[in-house]
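Here is a short tour of one protein model, written for someone new to reading structures. Keep the picture open while you read.

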Amino acid sequence: MLPNCTPDQQYNIGVEAGEQLRKMHQYFAPKHISPWYERKATKHQRYMDEYLNGGVRVRHDDKIISFIEQNMKYMEHRPNVFQHNDFHVGNIIVKDKRLSGIIDFNRYDWGDPIHDFLKVGIFSREVSIPFSNGQLKGYFQNEQPGEAFWRLYSLYLAMCVFSSVVWTLKVTPGSMDEMLDKIYTFLEDHDYFERMKPKWYQEN
């Protein structure tokens, strides 16, 4: 539906989606859920071990690994809240060119709310940049995301390079070229993380 909407309509749907995501993040994790940093760091190390032992390598992966190592510390003491964990344009319903619903909660998790923006850079920006900008504006209530947001957003995208390669090799190896195209697109958006804000982001 989004490509059939005007850029302003796509933006407004994104704003509505961002507002809904903000509501989801008001729910805090149960007390038995361990800290986000512990779970995310452990999972990332497992993916890195599998990636380094696998048969597919991403160009200039040394730059990405270095960026992650320098910024992992920023995951410490992050909020532990409800995460949709697969929030992107493929999981929203549009009716009459307005947001009608959010679906596909079966991957939900608990952790840093910023992690829920991960799929913007991988999937949503590819379909609709106006929607992607709108999602950020709706979530942050027309305020600009700060440096801390962009640093963590970039960190999670960088980590996703390796988890995406490992997951694709295991589950849909025939789509590896398509996944690599997506990876190289967001790597270029960030100049291999020499810049935090992606090139598609519009402040106004």
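## The largest pocket

The largest pocket has a volume of about 710 Å³. Here, a pocket is an open set of points on a 1 Å grid over the protein atoms alone, where a 1.4 Å probe fits and protein lies on both sides within 12 Å along at least five of seven lines. The volume is the space filled by probe spheres set on the points, which are joined across faces, edges and corners.

This is a predicted model, where local features need pLDDT of at least 70 and side-chain atom pairs count only at pLDDT 80 or more, while totals for chains, interfaces and linings use all residues. Residues are numbered from 1 along each chain as its sequence is written, and side-chain values use heavy atoms, with hydrogens and water left out.

## Who lines the pocket

In the largest pocket, 24 residues make up the lining (each has an atom within 4 Å of a point), and N85, R107, L118, K119 and S163 lie nearest the centre. Helices α2 (36–52), α4 and α6 each supply at least two residues of that lining, and α2 gives the most, with six. These labels come from DSSP runs numbered from the N terminus: H or I runs of at least four residues for helices, and E runs of at least two for strands.

What kinds of residue are these? The lining splits into ten nonpolar, six polar and eight charged residues. For this sorting, Ala, Val, Leu, Ile, Met, Phe, Trp, Tyr, Cys and Pro are nonpolar, Asp, Glu, Lys and Arg are charged, and the others, Gly among them, are polar.

## Rings that pair up

Searching the whole structure turns up 16 aromatic pairs. Rings of Phe, Tyr and Trp (its six-membered ring) pair if their centres lie within 6.5 Å; planes under 30 degrees apart are stacked, over 60 edge-to-face, and the rest tilted. Take F117 and F149: their ring centres are 5.2 Å apart and their planes sit at 90°, so this pair is edge-to-face. The two are 32 residues apart, with F117 in the loop between β4 (109–111) and α4 (118–127) and F149 in helix α6 (residues 147–171). Both F117 and F149 are buried (under 20% relative accessible area, with exposed over 50% and partly exposed in between, using a 1.4 Å probe and protein chains only).

W150 and Y153 make another edge-to-face pair, at 5.5 Å centre to centre and 85° between the planes. They are three residues apart in helix α6, so about one helical turn separates them. F117, Y139, F140, F149, W150, Y153 and Y201 form one aromatic cluster.

E50 and K170 form one, with their closest N and O atoms 2.9 Å apart. E50 lies in helix α2 and K170 in helix α6, so the pair ties together parts that are 120 residues apart in sequence. E50 is partly exposed at 28% relative accessibility, whereas K170 is exposed at 59%.

The side chains of E126 and K182 also meet in a salt bridge, at 2.6 Å from N to O. Finally, R107 and K119 come back: together with D86, they are linked in a network of salt bridges.

Definitions and conventions
A salt bridge is a side-chain nitrogen of Lys or Arg within 4 Å of a carboxyl oxygen of Asp or Glu.
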